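Student: Can we go through this one residue by residue, then zoom out? Keep it short and give me the cut-offs as they come up.

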Amino acid sequence: MKIITAIASILIIIGALNWGLYGISKIDIVECLFGGWKNKFGRIVYLLIGIAGLYSLLYVIFA
């Protein structure tokens, strides 16, 4: 379970940095590296970040 929590934490940090950079300078790291919504791999990255956020939310609520 610790591995899943660590992976979720890393994905949440990536997502937070991505949103922060987008808010400051309109640079989307996921789009630059993986093609964003135009590419299936970019969609998977966005999906994994979202799932990590939900996992962490549930972990905090039920822990």
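Student: Is N18 buried or exposed?
Tutor: N18 is buried, with a relative accessible area of 5%. Buried stands for under 20% relative accessible area, exposed for over 50%, and partly exposed for what falls in between, with a 1.4 Å probe and protein chains only.

Student: What kind of model is this, and how are the residues counted?
Tutor: It is a predicted model, where local features need pLDDT of at least 70 and side-chain atom pairs count only at pLDDT 80 or more, while totals for chains, interfaces and linings use all residues. Numbering starts from 1 along each chain as its sequence is written, and side-chain values use heavy atoms, with hydrogens and water left out.

Student: Back to N18. Where is N18 found?
Tutor: In helix α1, residues 2-25. Helices are DSSP runs of H or I with at least four residues, strands are runs of E with at least two, and both are numbered from the N terminus.

Student: Which side chain makes a polar contact with the side chain of N18?
Tutor: That of D28, at 3.0 Å. A polar contact is a pair of N or O atoms within 3.5 Å; within protein, one must be able to donate a hydrogen and the other to accept it, and residues adjacent in sequence count only if both atoms are side-chain atoms.

Student: And which residues is N18 in contact with, leaving aside neighbours within four places in sequence?
Tutor: I27, D28, I29, V30 and Y46. Contact here means heavy atoms within 4.5 Å.

Student: Y46, then. Where is its place?
Tutor: Y46 sits in helix α3, residues 40-62. At 18% relative accessibility, Y46 counts as buried. With neighbours within four places in sequence set aside, Y46 is in contact with N18, D28, V30, E31, G36 and W37. The C-alpha atoms of Y46 and G36 are separated by 8.0 Å, and the two residues are 10 apart along the chain.

**Core and surface**

Student: Which residues are in the largest nonpolar core?
Tutor: There are 7 residues in it: A8, L11, V30, V45, Y46, I49 and A52. The elements that give two or more residues to this core are α1 and α3. The most comes from α3, with 4 residues. A nonpolar core is a set of buried Ala, Val, Leu, Ile, Met, Phe, Trp, Tyr and Cys residues joined through side-chain atoms within 4.5 Å.

Student: Why group nonpolar side chains that way?
Tutor: In soluble globular proteins, nonpolar side chains tend to be buried together.

Student: What is A52 in contact with, apart from neighbours within four places?
Tutor: A8, L11 and I12. S56 is buried, with a relative accessible area of 18%.

Student: Which residues make the nonpolar surface patch?
Tutor: F41, I44, L47, L48 and I51, covering about 470 Å². F41 is in helix α3 and is partly exposed, with a relative accessible area of 45%. Patches are made of residues with over 30% relative accessible area and no salt bridge; like charges are joined within 9 Å, and nonpolar side chains (Val, Leu, Ile, Met, Phe, Trp, Tyr) within 5 Å.

Student: How many salt bridges does a search of the whole structure find?
Tutor: It finds 1. E31 forms a salt bridge with K38, with the closest N and O atoms 3.5 Å apart. The cut-off is a side-chain nitrogen of Lys or Arg within 4 Å of a carboxyl oxygen of Asp or Glu. E31 counts as partly exposed at 37% relative accessibility, and K38 as exposed at 73%.

**Zooming out**

Note on methods: Areas by Shrake-Rupley, 256 points an atom, 1.4 Å probe, with all protein chains shown as cover.
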